[in-house]
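Please look over the sequence and the structure below. A briefing follows, grouped by topic.

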Amino acid sequence: MSTIFALEPIMSLTPHAISGVEVLCREYDRNGVLKLPENFDEHLMRVDFREFILTEATERTANWMGSGSNASTYVSININPIELQNIAVIEKLLTIIKNSGICKSRFHFEVTEEFTNVDICDLQK
């Protein structure tokens, strides 16, 4: 079993360039078959592991952005609404982002679809 994470480029049509990256985490079973996120092993769902992934991803992104990427390039991170409503998680995310040296306005949080029954107004608080 193996776990990897990557920065997936997001392309803009005008101009034809990378406009952002999405932080992805992938897990493969013993046979090398990709698992869907809802079937990830428990360790991938732990907050400390997610913090590790985000820290690594922001460091890689900062290095990439520092090597001449577009000034408007953004980082997209998947987060579920339960985490988004947890002040401790948000504070940790903000600390990781601050330590990365990347302006926080360049981060986008993509709310995951497995929690579509959450009221979007609650997320804006």
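## Salt bridge

Lys35 forms a salt bridge with Glu27, and their closest N and O atoms are 3.9 Å apart. A salt bridge here is a side-chain nitrogen of Lys or Arg within 4 Å of a carboxyl oxygen of Asp or Glu. The structure holds one salt bridge. Side chains of opposite charge can pair when their charged atoms come close.

This is a predicted model: local features need pLDDT of at least 70, side-chain atom pairs count only at pLDDT 80 or more, and totals for chains, interfaces and linings use all residues. Residues are numbered from 1 along each chain as its sequence is written, and side-chain values use heavy atoms, with hydrogens and water left out.

**The pair and its setting**

- Both Lys35 and Glu27 are buried. Buried means under 20% relative accessible area, exposed means over 50%, and partly exposed lies in between (1.4 Å probe, protein chains only).
- Glu27 is also the bridge partner, in β2, of Thr3.

**Overall fold**

- The protein chain has four helices and four strands. Helices (H or I, at least four residues) and strands (E, at least two) are DSSP runs, numbered from the N terminus.
- Along the sequence, the pattern is β-β-α-β-α-α-β-α.
- Of the 125 residues of the protein chain, 31% count as buried.
- Take the contacts in the protein chain between residues at least 6 apart in sequence: 60% join residues at least 24 apart. Contact means heavy atoms within 4.5 Å.

**Strand pairing**

- Strand β1 (residues 2-12) pairs with β2 in the antiparallel sense, over 11 bridges. Two strands pair if DSSP finds at least two bridges between them.
- β1 and β2 form a hairpin, with four residues between them.
- Strand β2 (residues 17-28) pairs with β3 in the parallel sense, over four bridges.
- Gly20 has Tyr74 as its bridge partner in β3. For Glu22, the partner in β3 is Ser76.
- β3 also pairs with strand β4 (residues 107-111), in the parallel sense and over five bridges. Here Val75 stands opposite Phe107 in β4.
- Strand β3 (residues 74-79) is mostly covered, with five of its six residues buried.

- Thr73 lies in the loop between α1 (47-65) and β3.
- Its relative accessibility is 0%, so Thr73 counts as buried.
- Leaving out residues up to four places away in sequence, Thr73 touches Ile18, Ser19, Gly20, Trp64, Met65 and Arg106.

**Helix α3: length and ends**

- Helix α3 (residues 87-100) has 14 residues, which should span 20 Å at 1.5 Å a residue; its end C-alpha atoms are 20 Å apart, which agrees. The expected span is 1.5 Å times one less than the number of residues in the helix.
- Asn86 caps the N-terminal end of α3, with a side-chain oxygen 2.9 Å from the backbone nitrogen of Ala88.
- Just after α3, Gly101 takes a positive phi of about 85 degrees.

- Which residues of α3 are buried? They are Val89, Leu93, Ile96, Ile97 and Ser100.
- These residues cover an arc of only 95 degrees around the axis, which puts them on the same side of α3. The arc is that of the directions from the helix axis to the C-beta atoms.
- An α-helix has 3.6 residues a turn, so residues three or four places apart point the same way.
- On the other side of α3, Ile87, Lys98 and Asn99 are exposed.

**Leu93, within α3**

- Leu93 is found in helix α3. At 11% relative accessibility, Leu93 counts as buried.
- Leu93 touches Leu54, Ile79 and Phe109, not counting residues up to four places away in sequence.
- Leu93 and Thr55 are 38 residues apart along the chain, and their C-alpha atoms are separated by 8.9 Å.

- Cys103 lies in the loop between α3 and β4.
- Is Cys103 buried or partly exposed? Its relative accessibility is 44%, so Cys103 counts as partly exposed.
- Cys103 and Ala62 are 41 residues apart along the chain, with their C-alpha atoms separated by 9.9 Å.

Definitions and conventions
A polar contact is a pair of N or O atoms within 3.5 Å; within protein, one must be able to donate a hydrogen and the other to accept it, and residues adjacent in sequence count only if both atoms are side-chain atoms.
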